[in-house]
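Okay, everyone, thanks for coming. Let me put the model up and then talk you through a few parts of it.

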Amino acid sequence: MRAYGHETDGVTAVPEEAAYLAAAAKRLLEGAATLADTAQWMTETAGPTVFGRPWSPTTLRRRLRNPGIAGLRENADGELVEGPAEPLVDRDTFDALQELFTRNERGQGSRPAHVHLLSGGTAVCDLCDSPLVSRSTANGGRGYVCETAGCGKVRIAAEPLDKYVAERAIARLERAGMMKRLADLRDGFVAESEEAAKFLDGLRNHKDELARAFGAKDLSLGEFKKAKEALEARRSQAMAAMRRGKYLGELPELTVEALVEWWNETASQEQRRALLQLIVAEVRVGPATVRGSRRFDEARFDILWR
Ligand SMILES: [Zn+2]
């Protein structure tokens, strides 16, 4: 029996099914629907599973946990690598889903395990300037990794780096004028997230225009692909800006005492990350000086403050 979203060859995507899985993932990640709600929604809108049965939460979770939906497979070391299947959802969506399921399996109220404070563009590859992405490592931990084609030379354990940068950032709150500066930055980012929301609203039109221009031969295939990629990049940025705006709206009163208490007692990892992004512009990470060394090496990175 084939898996939902792929043909029996396990490689070729079934576009309509892929769209339903992506929509189900979106509902879950937006936090508006539970797994049970989403399974029911699948049965009602997408129809039954490939076995002809209604979707159960377990069936849906099992499918969304399968790396094949992101075009990945697990290698002998348990690492996720590129596989043969056509991706049905992008890598970020897949990773976010795994984090969500892991969090839910650990029970309500526990802190998300895998939201990394410097993900979302703060940690940057010093060699190629690309944002590092947070990925599982072979030993079960998480790392920030450069995945840019032609580079890919930087990889650093996430936990110790997060801890170090967070401690420095929190200590920095005491500096004179810091609260005023945070307020200004926050307001700027919130305004940016409103702009991003408008851009995302208009995205469908941008895409249609592009497709029309290509259809009318105003664009070559190369130009069309380039423009599509640029639009995709702007979409990711806009989504990130919107998320940041949402979490910044949840900050407590901007005093050192309130922020420190909030950080230690009540903030979620997403909320902490939003505050950190107000304090830290970038953490530039260079390659390991000693190959394979696990030692935490302060000389490997630079923190650029806002
Ligand atoms: Zn790089």
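Domain bounds here come from an automatic or database domain assignment. On that basis the protein splits into domain 1 (15-105) and domain 2 (178-253), and the centres of domain 1 and domain 2, taken over C-alpha atoms, are 25 Å apart.

Quick housekeeping. This is a predicted model, so local features need pLDDT of at least 70 and side-chain atom pairs count only at pLDDT 80 or more, while totals for chains, interfaces and linings use all residues. Residues are numbered from 1 along each chain as its sequence is written.

Now, helix α2, residues 35-45. Helices are DSSP runs of H or I, at least four residues, strands are E runs of at least two, and both are numbered from the N terminus. Which residues of α2 are buried? Leu35, Thr38, Ala39 and Met42, where buried takes 20 or more other C-beta atoms within 10 Å of a residue's own, exposed is 12 or fewer, partly exposed is in between, and C-beta atoms are placed from the backbone. They cover an arc of only 105° around the axis, so they sit on the same side of α2; that arc is of the directions from the helix axis to the C-beta atoms. The face turned away from the buried side has exposed Ala36, Glu44 and Thr45. Just after α2, glycine 47 has a positive phi of about 95°.

Last up, the sheet. It's open, with 3 strands in the order β3-β7-β8 and mixed pairing, where pairing needs at least two DSSP bridges between two strands. β3 (123-125) and β8 (301-305) are at the edges, each with a single partner strand, so one side of each has no neighbour in the sheet. β3 and β7 (residues 280-285) run parallel, joined by 3 bridges, and cysteine 125 stands opposite valine 285 in β7.
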